[in-house]
Amino acid sequence: MTVDTLITGARVRTFDPEQPWAEAVGIDGDRIAFVGSAEGAPAARRTINAEGRLLTPGVIDSHNHLLLGFDEDAVSLEGATTLAEVRRRIAEFADRRPELSWICAENAVYSVVEGRRPRASDLDGLTDRPVFVTTYDQHSVWLNRAALSVLGIATGGDVAWGRPERDERSGEATGWVTDFYTSAMTTAGLAELQRDIPMYSPERRYRKLLSSIRMATASGITTAVEPQVPLAEIGLFQRALAAGELSSRVITALFHPVGADGAFRQALRQAVSDANAQADPDGLLRLGPLKLYADDVIEPHTALMLDDYANRPGVRGRASYPGRELVEVISELDRLGFQTHTHATGDAGIRLALDAIEEAGRRNDTQDRRHGIVHVECLHPDDLPRFRQLGVTAAMQPRHCSPDLVAGTWMENVGEERWGRAWRFRSLLDSGATVAFSSDWQVGEMDPLIGLYSAATRAGLDGTDAWTSAERVGIDRSLEAYTVHGARAWHAEGDRGRVRRGMLADLVVWSGDLYRHEAEPSGLLDEHAEITVVGGRFAHSAGALVEPTADRADDPVAAGHGAEHVHVH
């Protein structure tokens, strides 16, 4: 036997129980043809000597907002922790880009103004143009006075893409808008955004998608799950597929808004059927799961809690659906054959989602649907065993538990007595639940190495302020959550998630042996994906081992023209 490519001299973590470790992997076409010792490896047209680097299954990022990538025509507020810094960045951008009708900014943190939420007046004097700022989690928007006026909010109007806050005494709009992401992706919400806010034009959204998918591939992500795609934006992914721009596989979860009826659900079914019937011989794009919301988020006190927020007596947030309507909705979607992916952050929101999934199974007698709950930030101890019992995936983001993101807002809102419920990675894994790790890009950095570090330390990126250390997860279990559990979450364990003969050749060769950082996880932040292989195609290379090939049809090695030996420089 002669294979197209042999990667040898590696430490291969297969996650195959029958052969957990190996030294060499052979690739033929789009499949893994050999896993074993370097000595027993077959002949190959191309041989790559990995010289002790770690090779793993490709990362499956189970919650990655590809459509929210950085916008080159917007201000990045990443790392801006003070109002003075936010004002400086927005003012400089406005001066530099006089041609823009709106000044848009991304990634604001909630605690940028101490002790309260930001207001329109905090943006006074920067520009005469309207300013539109999204928070880092995409659940709130901050507007200046000009934006309030242009949008009609200042005079008492509403918008379809959020809930404008108003001063309790005067009734005036404060400039803060909540419930943004749950409303922005509805048909009406997206239409208004596309009409009024340039950042949401289809062309700019498409550019973000392309930028994000390239970043995913370069990060070692071979399958990315875009968790919230409106029906109106399915075409952006089909356009990228037709243009050959999907360098990694994409699973899209379509958004099911509150209030959707039977006709809308039939439209979803037809859209999924039509899209999945289109030609896609490489299996790069799949539609199917549905995204719902049980509640909102903890930072603005809008997630649903079992007890009062620690710093807001009498406030427990709210459910996204009135009463227990979510139970009826998930039962109906389950009956129609849909897998659901439900946002829930508060302990009551998580319980509501679990109740809905349990009732759906009881009513419909469905088996192995693998509904998922995403985020699972504050989990009541009584509900922890229910994930395994009900076969529910916990789609969680290690970076979210970092103190540099949650101190001052999440931690204070929940209160120290409930910190033990926070991001219970280890407890859920120990229970036998499927825990699919992910980035929640661009809420958190896309790089899975940052996720590995965060899971191992539960500290800030500078190594400080570690907390809730009992829920730390080591490198091996985290890699398993990014691969084996990610595949299981999406019914894809038959062809990805492990390095095993016959599976898709979706692989990552890392820059070094990640396991050598077990004792000092900070070293993970200095590593990178050296090679990303998607379906046997070298979709990304950092350059130390091999140059990437854009298309297997144009790859002389894959076509069988000669043999090539590539070694580390």
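This section describes the overall build of the chain and then helix α9.

The structure is a predicted model, in which local features need pLDDT of at least 70, side-chain atom pairs count only at pLDDT 80 or more, and totals for chains, interfaces and linings use all residues. Residues are numbered from 1 along each chain as its sequence is written, and side-chain values use heavy atoms, with hydrogens and water left out.

The chain contains 16 helices and 25 strands (DSSP runs numbered from the N terminus, with H or I over at least four residues for helices and E over at least two for strands). Its radius of gyration, 24 Å, is close to the 25 Å given by the globule rule for 569 residues, so the chain is as compact as a globular protein of that length; the radius is taken over C-alpha atoms, and the rule is 2.2 Å times the number of residues to the power 0.38. The C-alpha trace spans about 80 × 55 × 50 Å along its principal axes. Buried residues (under 20% relative accessible area, 1.4 Å probe, protein chains only) make up 61% of the 569. Of the contacts (heavy atoms within 4.5 Å) with a separation of 6 or more, 72% join residues 24 or more positions apart.

Helix α9 comprises the 18 residues 347-364; at 1.5 Å a residue it should span 26 Å, which agrees with the 26 Å between its end C-alpha atoms. The expected span is 1.5 Å times one less than the number of residues. Its buried residues include Ile-350, Leu-354 and Glu-359. The buried residues of α9 pack against α8 (325-335), β18 (340-344), β19 (372-375) and α10 (386-390). Asp-365, which follows α9, has a positive phi near 55°.

Methods
Buried means under 20% relative accessible area, exposed over 50%, partly exposed in between (1.4 Å probe, protein chains only).
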